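Look at the fold below and follow the chain through a few of its parts.

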Amino acid sequence: MGAIKFGPARIPSQESPEAAIDALVEGGFLACEIDFETRFWMNYDFAARLGELARAAGIVLSVHAPLAAFMGHADRGKKLNMATGMLDHSAGIAAASGAELVVFHPGFLLGRTREEALDSVVEQLGELRARLESKGRAVPFGVEVMGRVRDLGSLDDVIEISARLGWVRPVLDFAHMHATSDGAFTGVDPFAAALEAADGVIEPGAPFHIHFSDIQFANRNETKHLPYGEGTLRAEPLREALARFERPATVISESPDAESTQAIGAVLGVSSASRAS
């Protein structure tokens, strides 16, 4: 079994890098995602200092790009330009902080066939990559499995994008997959199958990148994240599935409360709660 690094989906303090890392260390966390889903709140100096302190503490960072920063736009106009700029800036923060990847969403079908939409995502990501390389920001990206069954972003979609672009990795959001499968992720085998698919397209030595929380869903679509234990998704099968692989894993809790994050970490054996028990 590879090592698991676990932590929250939000930097715990925007006051200073020192306060943020102190809070992560106090929580027993070895991972954290920089939260830009709604806005960019961190400058490059903050990012560089955060990365320096995180490395000293053994904490791995990742960046979640803004929700509007998706590729695969049908109209190559203002929205595509805005998304490209957001992903460029996210990559700049990742490079400054030493984050291991930038997480982004794959986009939407927008009236196209799935094949046409995937081709558009791959084409626009290729253009983005050339821009990032010219700026020294060519960091790995992670494309997230989404939680709506009839839109772009299934596990198969994410695996295909990653297979076609060697610098893009699948981000396995098990809450989303639990929702779109109508609650099928209750045993080890579904977790292991998803991990096996991702393992086949991630470069050797790179970690799985995983999002996890309990989830509420209806008609195979996510509705909201739940406190751990209020839904039907559990961390024990994830722990057992990860034990089948030598690849390390970064697991990010997207739970809505700190107690749930600690509870998930305790099950995985990688939080302060588990170390104290």
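Contact, in this text, means heavy atoms within 4.5 Å. Helices (DSSP runs of H or I, at least four residues) and strands (runs of E, at least two) are numbered from the N terminus. The model is predicted, so local features need pLDDT of at least 70 and side-chain atom pairs count only at pLDDT 80 or more, while totals for chains, interfaces and linings use all residues. Residues are numbered from 1 along each chain as its sequence is written, and side-chain values use heavy atoms, with hydrogens and water left out.

Start with helix α4, residues 114-135. Its 22 residues reach 32 Å from the first C-alpha to the last, close to the 32 Å expected at 1.5 Å a residue; the expected span is 1.5 Å times one less than the number of residues. A residue is called buried under 20% relative accessible area, exposed over 50%, and partly exposed in between (1.4 Å probe, protein chains only). Among the buried residues of α4 are Ala-117, Leu-118, Val-121, Val-122, Leu-125, Leu-128, Arg-129 and Leu-132. An α-helix has 3.6 residues a turn, so residues three or four places apart point the same way. What covers the buried residues of α4? The cover includes α3 (78-97), β4 (102-104), β5 (141-144), α5 (155-164) and β6 (168-173). After α4 comes Gly-136, with a positive phi near 70°.

Helix α3 has 20 residues and reaches 29 Å from its first C-alpha to its last, close to the 28 Å expected. Its buried residues include Leu-80, Ala-83, Met-86, Leu-87, Asp-88 and Ile-93. They are covered by elements including β2, α2 (44-57), β3 (60-64), β4, α4 and β5. Gly-98 follows α3, and its phi is positive, near 75°.

Now turn to the core. A nonpolar core is a set of buried Ala, Val, Leu, Ile, Met, Phe, Trp, Tyr and Cys residues joined through side-chain atoms within 4.5 Å. The largest one here has 83 residues, and those with the most contacts inside it include Leu-125, Phe-141, Phe-174 and Phe-212. Leaving aside neighbours within four places in sequence, Phe-174 is in contact with residues including Phe-185, Phe-191, Leu-195, Ile-210 and Phe-212.

A charged residue can also be buried, and Glu-33 in strand β2 (residues 31-35) is a case to look at. Lys and Arg count as positive and Asp and Glu as negative; His and the chain ends are not counted. A salt bridge needs a side-chain nitrogen of Lys or Arg within 4 Å of a carboxyl oxygen of Asp or Glu. Glu-33 has none, and the nearest side chain of opposite charge, Arg-10, is 8.6 Å away. The side chain of Glu-33 does make a polar contact with the side chain of His-209, at 2.7 Å. Such a contact is a pair of N or O atoms within 3.5 Å; within protein, one must be able to donate a hydrogen and the other to accept it, and residues adjacent in sequence count only if both atoms are side-chain atoms.

Most residues other than glycine have a negative phi, and most peptide bonds are trans. Phi of Asn-219 is positive, near 55°, and Arg-220, in the loop between β8 and β9, has a positive phi of about 65°. Asn-219 counts as exposed because its relative accessible area is 72%, and Arg-220 counts as partly exposed because its relative accessibility is 40%.
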